[in-house]
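Biologist: Could you walk me through this one and tell me what stands behind each label you use?

Modeller: Gladly; here it is.

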Amino acid sequence: MVFLLLFLEFFVIGFCAFGGGLASIPFLEDLSIRYPEWFSHSDLVNMIAISESTPGAIGINMSTYVGFQAVFREYDSYFLGFLGGMVSTLGFATPSIIVIIIISQFLNKFKESKYVKWAFYGLRAASIGLIIAAAYSVLKVSIINVEGFMEAYKGISINNMWTEIWPRISDSLIALFDFKALALALLLGILIFKYKKHPILYILLAAVIGIILKM
């Protein structure tokens, strides 16, 4: 049953994630909530980091990893885990194959149609929205602490709002950000923009700084 479930779940993700691997992250995040025994949100963030540091798309890497983990935990078998990774990866890739085959048959005939152009404009907007949502989910784990921000305002009511809210603004802003992670992100952003060296150098630099600062 777990094989069929893996195939169907990743088939849906592969079908809906227009815009590439980054657009699949919100769907993968939802999957981690519905099936916490398969993988955690931290596993997803770690896989994003690995996928950005090594060859391979995020969606493919994550589907293979989750398929192996889910089946291995169910049956305690490396061979079945390997098959689980293959099944979930096939589920993720199958929609793309189907869509490409269908579109290739009709694109030449209808590519100048205004309705087709409107549909692609809509898909672009959806892809951008998914990528922004993916970026926010990564920032929420690495830099932004939304829970800490909300915690700073706990206990404020209509009766004490004007006396309590102003002193807590600075506390909430301090709680909102992991300033070490934010400083590292800004430093790497400046270095990448200014020097444009190979990405591996920045990945190694970030790893060394992260170890030194115990991030």
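Modeller: Let me start with helix α9, residues 179-195, whose 17 residues reach 24 Å from the first C-alpha to the last. Helices are DSSP runs of H or I with at least four residues, numbered from the N terminus. This is a predicted model, in which local features need pLDDT of at least 70 and side-chain atom pairs pLDDT 80 or more, while totals for chains, interfaces and linings use all residues. Residues are numbered from 1 along each chain as its sequence is written, and side-chain values use heavy atoms, leaving out hydrogens and water.

Biologist: What span is expected for α9 at 1.5 Å a residue?

Modeller: The expected span is 1.5 Å times one less than the number of residues. For α9 that gives 24 Å, and the helix comes close to it.

Biologist: Which residues of α9 are called buried, and how do you know that they line one face?

Modeller: Buried means under 20% relative accessible area and exposed over 50%, with partly exposed in between (1.4 Å probe, protein chains only). Ala181, Leu184, Leu188 and Leu191 are buried. The arc is taken from the directions between the helix axis and the C-beta atoms. For the buried residues of α9 it is 95°, so they line one face of the helix. Leu186, Ile190, Phe193 and Lys194, on the other side of α9, are exposed.

Biologist: What do the buried residues of α9 pack against?

Modeller: Their partners are α6 (114-142) and α10 (199-212).

Biologist: What makes you say that the charged end of Lys196 sits over the ring of Phe193?

Modeller: The rule asks for NZ of Lys or CZ of Arg within 6 Å of the ring centre and within 35 degrees of the ring normal. The charged end of Lys196 is 5.1 Å from the centre of the Phe193 ring and is counted as sitting over it.

Biologist: Why is the pair of Tyr35 and Trp38 called stacked?

Modeller: Rings of Phe, Tyr and Trp (its six-membered ring) pair if their centres lie within 6.5 Å; planes under 30 degrees apart are stacked, over 60 edge-to-face, and the rest tilted. Tyr35 and Trp38 have 4.2 Å centre to centre and 10° between the planes, so the pair is stacked. Both Tyr35 and Trp38 are buried.

Biologist: And how many residues are in the largest nonpolar core?

Modeller: That core has 20 residues, of which Leu6, Phe10 and Trp38 touch the most other members. A nonpolar core joins buried Ala, Val, Leu, Ile, Met, Phe, Trp, Tyr and Cys residues through side-chain atoms within 4.5 Å.

How values were computed:
Helix = DSSP H or I, 4+ residues; strand = E, 2+ residues; numbered from the N terminus. Contact = heavy atoms within 4.5 Å.
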